[in-house]
Amino acid sequence: MADLSTTFTGIRFQNPFLLSSAPPTESESNILRAFEAGWGGVVTKTIGLHPVVNVAGPKTKFLRADADSPHLSMKKRPGAALHSSWNWELISDKTLDWWVPRLGRIKKAYPNHILVASIMAGSGNDTELRHWQTLATACQNEGCDALELNLSCPHMDRQDMGSNLGKDKELVSIVTKVVKEVSKIPVWAKLTPSTTDIVVEARGAFLGGADAISSSNTFTSLPLFDAETLEFEVHVDGFVSTGGLGGPAILPLSLAKMSQLTQAFPDKSFSGIGGISTFAHALNYFLLGCGTVQICTAAMLDHAVGPNVIRELNDGLRLFLEKHADKGWTRVDDFVGLRRDRVVAQSRIRRPDEKAYHGGHETAEGYAAPDELV
Ligand SMILES: Cc1cc2nc3c(=O)[nH]c(=O)nc-3n(C[C@H](O)[C@H](O)[C@H](O)COP(=O)(O)O)c2cc1C
């Protein structure tokens with residue numbers, strides 16, 4: 001019998017599928033609906049202590065591609081396929097006081113579903129670092145099962161917050177350690193993909209005591225110009241700031257980041273995010289070594305909390321396990337990381353003529369000998 005449940009960072013999930021921190025998890029009613037629909041867990045919209053006011057215009061738009069032309073646009077039109085989501089939405093505009101009683105109520109209503117609180121503060125001084133502890137303590141006191149540190153929001157001006165913080169390995173380490181000092185529940189660090197080598201920041205998080213890494217948040221990006229009006233397709237008074245790209249376009253990009261992470265830390269826990277809308281997509285993350293996956297864009301477009309998406313994910317996993325039952329696979333853990341080592345250096349890929357290529361750095365190919373390359 002297929003068993004959809006899994007244990008991740010010591011927590012038992014009914015299934016390995018979570019709604020990621022975003023509009024689908026911004027309210028009590030949404031989270032209750034999500035659990036009812038069958039999601040194994042949710043990560044709340046990020047909770048902070050700083051008041052947040054969003055832009056005077058749409059916060060999220062969807063870029064679509066035509067089937068029969070290279071046209072890409074956010075304009076709604078028949079027959080177009082989803083390319084990506086673009087957003088410049090800040091963290092939750094609700095206060096911690098608003099969230100606290102709701103977290104408690106959600107957990108009481110659904111004790112067996114996993115509630116992860118996403119939290120975010122600054123890191124520029126001790127007061128800011130204590131804010132992380134205030135948030136962590138308040139959420140765990142309400143029964144939250146884990147904390148996810150938002151070290152990756154791409155639209156923050158402050159240098160000590162969001163992806164600006166997440167690009168600094170020392171700050172990543174310090175913030176993680178500060179939260180770990182007060183937390184009795186697992187701490188996941190959500191990293192930004194907008195760095196040169198995500199392994200560096202992940203090492204910082206693990207040194208600080210992180211129990212898992214979540215990746216990816218959205219990729220820094222701009223909306224496109226409308227060729228007729230010469231205005232961005234999303235703007236306020238003609239202006240934009242960089243926002244975050246999610247959805248199908250980032251699936252391969254996010255997988256490349258995840259592959260780096262799981263190869264560098266094969267014994268650690270990872271939650272895969274980016275471009276997932278079907279079990280076939282999620283399977284990529286499992287095969288690379290993720291124990292759970294998270295979904296945002298696809299759920300936003302499916303009745304706000306993704307009832308059809310989670311049905312397909314659960315059915316897909318069940319069918320996959322049945323199909324591979326002859327291999328002795330009965331649960332996700334039986335195939336997590338199975339293809340992690342299939343990503344190798346270019347020079348390790350077979351050539352038509354093995355003797356013709358030496359990895360692009362051998363003297364036999366006419367390159368300078370290593371000691372001449374100073
Ligand atoms: C409108 C919107 C708001 C988001 N807000 C948050 C947030 O508050 N905290 C966070 O960690 N990630 C946030 N995200 C990022 C998502 O959780 C997720 O990492 C990203 O969208 C990639 O997943 P996807 O391709 O399934 O959309 C947001 C994404 C969108 C589209």
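Mentor: Two residues are in contact here if their C-beta atoms, placed from the backbone, lie within 7 Å, and the model to which this is applied is a predicted one.

Trainee: Which residues in α2 do Glu28, Ile31 and Leu32 in α1 meet?

Mentor: By class, the contact of α1 with α2 has four nonpolar and three charged residues, with no polar ones. On the α1 side stand Glu28, Ile31 and Leu32, and the residues they meet in α2 are Arg102, Arg105, Ile106 and Ala109.

Trainee: Is α1 roughly parallel or roughly antiparallel to α2?

Mentor: Helix α1 spans residues 28-37 and helix α2 spans residues 96-109, and their axes lie 10 Å apart at an angle of about 20°. The crossing of the pair α1 and α2 is right-handed. Because angles under 35 degrees count as roughly parallel, α1 is, relative to α2, roughly parallel.

Trainee: Which elements give two or more residues to the shell around the ligand?

Mentor: The ligand is surrounded by 28 residues, of which the closest are Ser20, Asn87, Gly246, Cys296 and Thr297. By class, this shell around the ligand holds ten nonpolar, 15 polar and three charged residues. The elements that contribute two or more residues to the shell are β8 (81-87) and α9 (297-300).

Trainee: How far apart do the C-alpha centres of domain 1 and domain 2 lie?

Mentor: The protein is divided into domain 1, which comprises 6-55 + 84-337, and domain 2, which comprises 344-374. Taken between the C-alpha centres of domain 1 and domain 2, the separation is 40 Å.

Methods:
Residues are numbered from 1 along each chain as its sequence is written. This is a predicted model: local features need pLDDT of at least 70, side-chain atom pairs count only at pLDDT 80 or more; totals for chains, interfaces and linings use all residues. A residue is near a molecule or strand if its C-beta atom, placed from the backbone, lies within 6 Å of it. Helices (H or I, at least four residues) and strands (E, at least two) are DSSP runs, numbered from the N terminus. Ala, Val, Leu, Ile, Met, Phe, Trp, Tyr, Cys and Pro count as nonpolar, Asp, Glu, Lys and Arg as charged, and the others, Gly among them, as polar. Domain bounds come from an automatic or database domain assignment. Axes are lines fitted to C-alpha atoms, for helices over the stretch in contact, and angles run from 0 to 180 degrees between N-to-C directions. Angles under 35 degrees count as roughly parallel, over 145 as roughly antiparallel, 65 to 115 as roughly perpendicular and the rest as oblique. A crossing is left-handed if the near helix is turned anticlockwise from the far one by less than a right angle, and right-handed if clockwise.
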